[in-house]
Amino acid sequence: MATRFQEAAQRYARLNVDAELAMKKLSTFPISIHCWQGDDVTGFENSGEALSGGIQTTGNYPGKARNFQELTADFDLALSLIPGMKRINLHASYSVQQGAFHDRDALTPEDFAPWVEYAKARGLGIDFNPTFFSHPMVKDGLTLSSPDEQVRAFWVRHGIACRRIAAHFARELHTHCLCNVWIPDGLKDVPADRLTPRLLLRDSLDQIFAEKLPGVIDCVESKVFGIGVEAYTVGSSEFYMGYAATHPGVYDLMDNGHYHPTETISDKLPAMLCFFDKIPLHVTRPMRWDSDHVVRFDDEIREIATEIVRNDAMDKVLCGLDYFDASINRVAAWVIGTRNMQKALLYALTQPHETLKKLQQEGDFTRLLMLQEECKTLPFGDIWEAYCERMGVPGDDSWYRQILDYESTVLKERT
C-alpha cells in the first residue's frame, strides 16, 4: 500500500513536479535565525539603556533568557525542532565580554569568541548586525546622520569594528558573513532639511565600507518609519537602493515590515534580481506597520518564497528572520516562524512554475487562474511531514510537547 507521501508525490508528478527534488533543494537552503527573539532584543551589555530606535517589544511571558548560557540553551532546543540548514543572525549588542568592557566602537572578535565556538560545534554560519540603537550615543534619535561630528565618528567606528568582526566569523566558520547596517535615524515631525542628513549618512557609510574584507557580504536596510521618527527616515528605501546601486559590493537588504502597508517585497524581489546578484532579506510579519510578529504561513510569505523559487534565486537570496514576540513562549516563536518560512519555500518548490509561466506567455489566463487555484488544495502537508521526518524532526505538532516540557523544567525556574 502506498504511503501518504507516495500518493501525494504521484499527484504532484502529474503536474511535472518532483517532490523528492523539492525536498532536496530545500534541505540545502539555510535560514538565518535571529538571536534576539530569545530575550526580547535585550542583549548582554547590561548598560541599562532602554530599548529605543523605533523598536518596541510587548509582552512579559515567563522564562526570558538572561545571559549567553540561557539564550544558547533555548536556541539549541529550537534548532533541534527545525529541519534543514540553519545559521545564526547575531546583533553586536550580544557580545560576551569576559575582560575589560569594550564599548560598541571598540568591539573585537574576542568579544564574540563564545559565539564562534558555539557555531563551530553545531556547524552553523553567523550573520552579523551592528547595533545602532539602545545606546547613550544615539543623540536626538540620530547616529550616522547626526550633525554632531563626535556622534557620527563613534558610530562609524562601530560599523568598522563590526565589519572586521564579520570577517573574523567568515574566516573561522569557512562561510560568508552577511553584515547588515540598519540605523534608526529620523525625525518625529516635518523636517526643514531632508538632504543634509542623507549626505552625512552617505559619507559615514563610505567610511564604514572603505576597507575590503574577504568573506563579508555588506548590506544596508531601509525603513519607512518608526516610533519617534514618524515624519522622516534618513535611510529610506530610495536612499539605500541608490547607494547599493552605486557602490559595488554593497547590497540593499529588504525587510518585509519596512515598507508602506500596501507594498510587498514579493513584487520587489524580481525587480531587484534584474540588477543585483544577491538579495538579502529579513522576513517578519507586519500588522499595519513594522510590528515584527511571528511569521505565519500566510499569502505574502508564500508569495515571497514563490518569487525566490520560480526565479531560480535560491543561490542568490540570503534569508534571515527578524521578529520578536514576548507575549508567547519564545522558543516556540523561533520554531513556529522558522518552520513557516521553510514551509513556504517547500510549497513554492512544489508548484508547476514552468507550466504556469508558459500559460501566462501564451495569454491563456483562464487556465492559468484555474491551475493556480487547483494547486492550493494539493496534498502539500504530506510532503512537508515527510521532509521533516527525513530531517530528523517531528513533522506534526508533536514537537510542541518538547517545548512544554522545557518550559515546565527550565523556563519556569527563571525569574
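Q: In this predicted model, is the crossing in which α11 passes α12 left-handed or right-handed?
A: The structure discussed here is a predicted model. Helix α11 spans residues 353–361 and helix α12 spans residues 365–375, and their axes come within 8 Å. As α11 passes α12, the crossing is left-handed.

Q: Are α11 and α12 roughly parallel or roughly antiparallel?
A: The axes of α11 and α12 cross at roughly 155°. An angle over 145 degrees counts as roughly antiparallel. The orientation of α11 relative to α12 is therefore roughly antiparallel.

Q: Which residues of α12 make the contact with α11?
A: On the side of α11, the contact is made by Thr355, Leu356, Leu359 and Gln360. By class, the contact of α11 with α12 has five nonpolar, three polar and one charged residues. On the side of α12, the residues are Phe365, Arg367, Leu368, Leu371 and Gln372.

Q: Are α4 and α5 roughly parallel or roughly antiparallel to each other?
A: Helix α4, residues 113–122, packs with α5 at an angle of about 30°, and their axes are 10 Å apart. Angles under 35 degrees count as roughly parallel. The two helices α4 and α5 are therefore roughly parallel.

Q: How many charged residues are there in the contact of α4 with α5?
A: In this contact, Val116, Ala119 and Lys120 of α4 meet His168, Phe169, Glu172 and Leu173 of α5. Divided by class, the residues of the contact of α4 with α5 include four nonpolar and one polar, while the number of charged residues is two.

Q: Is Ser145 buried or exposed?
A: Ser145 lies in the loop between β3 (125–129) and α5 (149–173). Its relative accessibility is 2%, and the cut-off for a buried residue is under 20%. Ser145 therefore counts as buried.

Q: With the side chain of which residue does the side chain of Ser145 make a polar contact?
A: Not counting residues up to four places away in sequence, Ser145 touches Arg152, Asp185, Pro197, Leu200, Leu201 and Val234. The polar contact of its side chain has a distance of 2.7 Å, and the partner is the side chain of Asp185.

Q: Why does Asp206 count as partly exposed?
A: Asp206 is found in helix α6, residues 195–208. Leaving aside neighbours within four places in sequence, Asp206 is in contact with Tyr243 and His247. Asp206 is partly exposed because its relative accessible area is 33%.

Notes: Residues are numbered from 1 along each chain as its sequence is written. This is a predicted model: local features need pLDDT of at least 70, side-chain atom pairs count only at pLDDT 80 or more; totals for chains, interfaces and linings use all residues. Side-chain values use heavy atoms; hydrogens and water are left out. Axes are lines fitted to C-alpha atoms, for helices over the stretch in contact, and angles run from 0 to 180 degrees between N-to-C directions. Helices (H or I, at least four residues) and strands (E, at least two) are DSSP runs, numbered from the N terminus. Angles under 35 degrees count as roughly parallel, over 145 as roughly antiparallel, 65 to 115 as roughly perpendicular and the rest as oblique. A crossing is left-handed if the near helix is turned anticlockwise from the far one by less than a right angle, and right-handed if clockwise. Contact means heavy atoms within 4.5 Å. Ala, Val, Leu, Ile, Met, Phe, Trp, Tyr, Cys and Pro count as nonpolar, Asp, Glu, Lys and Arg as charged, and the others, Gly among them, as polar. Buried means under 20% relative accessible area, exposed over 50%, partly exposed in between (1.4 Å probe, protein chains only). A polar contact is a pair of N or O atoms within 3.5 Å; within protein, one must be able to donate a hydrogen and the other to accept it, and residues adjacent in sequence count only if both atoms are side-chain atoms.
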